[in-house]
Amino acid sequence: MSRSSGRSSPLTPYLQVAPLALIMLAMVGIPLITVLLLSFWQTDGITIYSEFTWDNYAQVLTSPVTLTLFLNTLKYAALTLIATMLIGFTCSYFLVFHVRNLKWQIGLFLLCTIPFWTSNVIRMVSWIPFLGREGVFNQALISAGVIDQPLDILLYSDFAVVLTYIHLFTLFMIVPIFNSMAKINPNLIEAARDAGASGWQILWTVIVPLSRTGIALGSIFVVTLVMGDFFVVRVMSGGQSASVVSAMKNQIDQLFYPEAAAMAVLLIVVVLLMVSAILRIVDIRSELAK
Amino acid sequence: MSDISRIDIKGVTKLYGSVKAVNNVDLVIEGGSYCCMIGPSGCGKTTLLRMIAGHEAPSSGTISIGGQDVTHAKTGSRGTALMFQNYALFPHLSLTDNVAFSLRVKGEATEARRVKAREMLDRVQLGHLADRLPSELSGGQQQRVALARALITNPKVLLLDEPLSALDEFLRLRMRVELKRLQNELGITFIHVTHTQPEAIALADQVVVMDHGLIEQAASPREIYNHPHSPYVARFMGGQNVLAGKVESTSGDSASVTTADGHRYDLPSAPGVTPGAEIRFSVRRDRIHLSPDTPARNGLTGKVINTEYQGTFVKVALDTGSREEFIIYLPDEAWFARPITVGETIHASWEPTASHHLKGTNNSAGAPLED
């Protein structure tokens, strides 16, 4: 390295962040601003007029459907979050504390990623022949004599939606939890044991608190993914349930763009509130800096 | 406080696969004593310590504390507390909660345990930092917290795994004094693993020198230093030169030994020093006189290859033609009265009583740490 590169001009850091900043501005900033503008414009169902109005928000906020949609979506998010957290924590715990061998750890970790070799859609759709009325699972239960009639709640139900979410998003929980668990110094666990702590006490007083950065990061991933989904809801509920985004999709299909935009802004606000609540519980930035 | 903190180790072996990390070790550590285990890395000292703490189970043999067999007792219920080398403080807990941890897992109420933890922190002079996180402390302070956390369980035995190795020289000496003071105050058994000879000599009532999973010698520091069991102990603990030769004759309380290069030495007689025997013996480095002119009877001749001023003495290294340097600690007055230059040939001599026959056969070089 030449000496001159050490003597950088005050502009250097700005130039260094410029490429990413430009991409973010073009790909995130401009569309967001467009949505925001659109949400304040008027429409008669056919044409959109660039004139300011609160009508779209009034429509969205006064409609009882909005609350139902949000509650339904939040229910999916909460159920998925709880399940992925439990599975993600357990898998990570197993990988970090039981599979001590690094080669096995990497091997099993890659195994977790195998579902990602195909697209989301195929992974989702492949549940249908399994869960259907004449599906593999129902037939197995019937032939085992557990039930006489096929179970209807398995497919095209909230159960199917949440199950698919869990299947699709658990890895997003495993990776960050694994990452923060792997950083736990094994001596800390020995120190806890030396102080007389039982296995459960070690789990609750040492491992869970020290994995919280990973849990928080994973929660942000899962919550934002579920809140932003419409396809899984549409397919796996068989059109019987709706989420915020699937309702938005309907509005767009009917060319109610400004109303959909207002709904989108509301959703962004809600998701931002949820993420900042998570960040308030766990200070991810200071934990990651360690 | 004596017998209830006495430790008996009988025939303890620890296998890792086919490697014997600790090989059939017998050791008695008196209650209320300060015991230092010393040896090069991989000698099994830490494994032995961890077996006493219960973090490893012996492959065979028994460990008792205060007459109670604790070989398979649960860690944390056997009256030991371990202080880890890197302190292993919980990074997410304040100092108070770190120290109170063992009370918390016992189910003590929050307020009660915090009061006790603060008292313990006061005792290690950290009461004013009680609400800080470990990452906000210096290495020395973290160590005191680790000590407080270990002591709050009222252990019968405190186990210290290289407690001073992460500190700088100045702090190390200060903490060394503090550890000794604490041990005197508490009257419990301290077992301290180290690889630093001066630390062991300064602190211990009993020094346990280990090599390759075996105890080479377990004795008082004075005994270890003056009467090392084997060439390995003599070299590892330092302060000694090791010479080898064949016993020519014995008469009364002295024996005569001839080395391969023809030098003759007198030696106090000892069991095993019989005519014809090949033996090794040590010579205290600080009991050697130097003279430039005449070769003395009980001495050797060599070329000075290095001199090092150490404040109270001067370390002179001689090349005597053998593989090992012959080292002399010369009092500083003697040296300044007649300075010796590198390259000079000089004669060293000593009283027969400065020699000691090394009974043990372990002749490995160890890793003598010069201070």
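Conventions. Residues are numbered from 1 along each chain as its sequence is written, chains are lettered from A and ligands numbered from 1 in the order in which they are written, and side-chain values use heavy atoms, with hydrogens and water left out. In this predicted model, local features need pLDDT of at least 70, side-chain atom pairs count only at pLDDT 80 or more, and totals for chains, interfaces and linings use all residues.

**View 1. The interface of chain A and chain B.**
Here 17 residues of chain A are in contact with 21 residues of chain B. Contact means heavy atoms within 4.5 Å. The two chains bury about 1,700 Å² between them, with 58% of it on carbon and sulfur atoms. Buried area is the accessible area (1.4 Å probe) that two parts lose on being put together, summed over both. On chain A, the residues A:Glu190, A:Asp194 and A:Thr205 supply 33% of the area buried against chain B, more than any other three residues.

A salt bridge is a side-chain nitrogen of Lys or Arg within 4 Å of a carboxyl oxygen of Asp or Glu. A:Glu190 pairs with B:Arg50 in a salt bridge, and their closest N and O atoms are 2.5 Å apart. A network of salt bridges links A:Glu190, B:Lys14, B:Arg50 and B:Glu56. Between chain A and chain B, 6 residue pairs are in polar contact, both residues at pLDDT 80 or more. A polar contact is a pair of N or O atoms within 3.5 Å; within protein, one must be able to donate a hydrogen and the other to accept it, and residues adjacent in sequence count only if both atoms are side-chain atoms.

**View 2. The side of chain A that touches chain B.**
In chain A, α10 (186–194) and α11 (199–210) each supply at least two residues of the side that touches chain B. The largest share, 7 residues, comes from α10(A). Helices (H or I, at least four residues) and strands (E, at least two) are DSSP runs, numbered from the N terminus. By class, this side of chain A has 8 nonpolar, 5 polar and 4 charged residues. Ala, Val, Leu, Ile, Met, Phe, Trp, Tyr, Cys and Pro count as nonpolar, Asp, Glu, Lys and Arg as charged, and the others, Gly among them, as polar.

**View 3. The two domains of chain B.**
Chain B is divided into domain 1 (3–226) and domain 2 (231–288 + 299–358). Domain bounds come from an automatic or database domain assignment. The domain centres, taken over C-alpha atoms, are 37 Å apart. In chain B, 14 residues of domain 1 are in contact with 9 residues of domain 2. These domains bury about 1,000 Å² between them, 64% of it on carbon and sulfur atoms. B:Gln197, B:Tyr225 and B:Asn226 supply 52% of the area that domain 1 buries against domain 2, more than any other three residues.

**View 4. Domain 1 of chain B, on the side that touches domain 2.**
Across this domain interface the rule finds 0 salt bridges. It finds 4 residue pairs in polar contact, both residues at pLDDT 80 or more. In chain B, α7 (197–203), β9 (206–211), β10 (214–219) and α8 (221–226) each supply at least two residues of the domain 1 side. β9(B) gives the most, with 4 residues. The domain 1 side has 8 nonpolar, 4 polar and 2 charged residues.

**View 5. Salt bridges around helix α6 of chain B.**
The whole structure holds 20 salt bridges over all chains. One of them joins B:Lys180 and B:Asp205 (3.7 Å, N to O). B:Lys180 lies in helix α6 (residues 169–186) and B:Asp205 in the loop between α7 and β9 of chain B, so the pair ties together parts that are 25 residues apart in sequence. B:Asp205 is partly exposed, at 39% relative accessibility. Buried means under 20% relative accessible area, exposed over 50%, partly exposed in between (1.4 Å probe, protein chains only). B:Arg181 and B:Glu185 also meet in a salt bridge (2.8 Å, N to O). Both lie in helix α6 of chain B, 4 residues apart, about one turn of the helix.

A:Asp253 forms a salt bridge with A:Lys249, and the closest N and O atoms are 3.1 Å apart. Both residues lie in helix α14 (residues 244–253) of chain A, 4 residues apart. A:Asp253 is partly exposed at 47% relative accessibility, and A:Lys249 is partly exposed at 27%.
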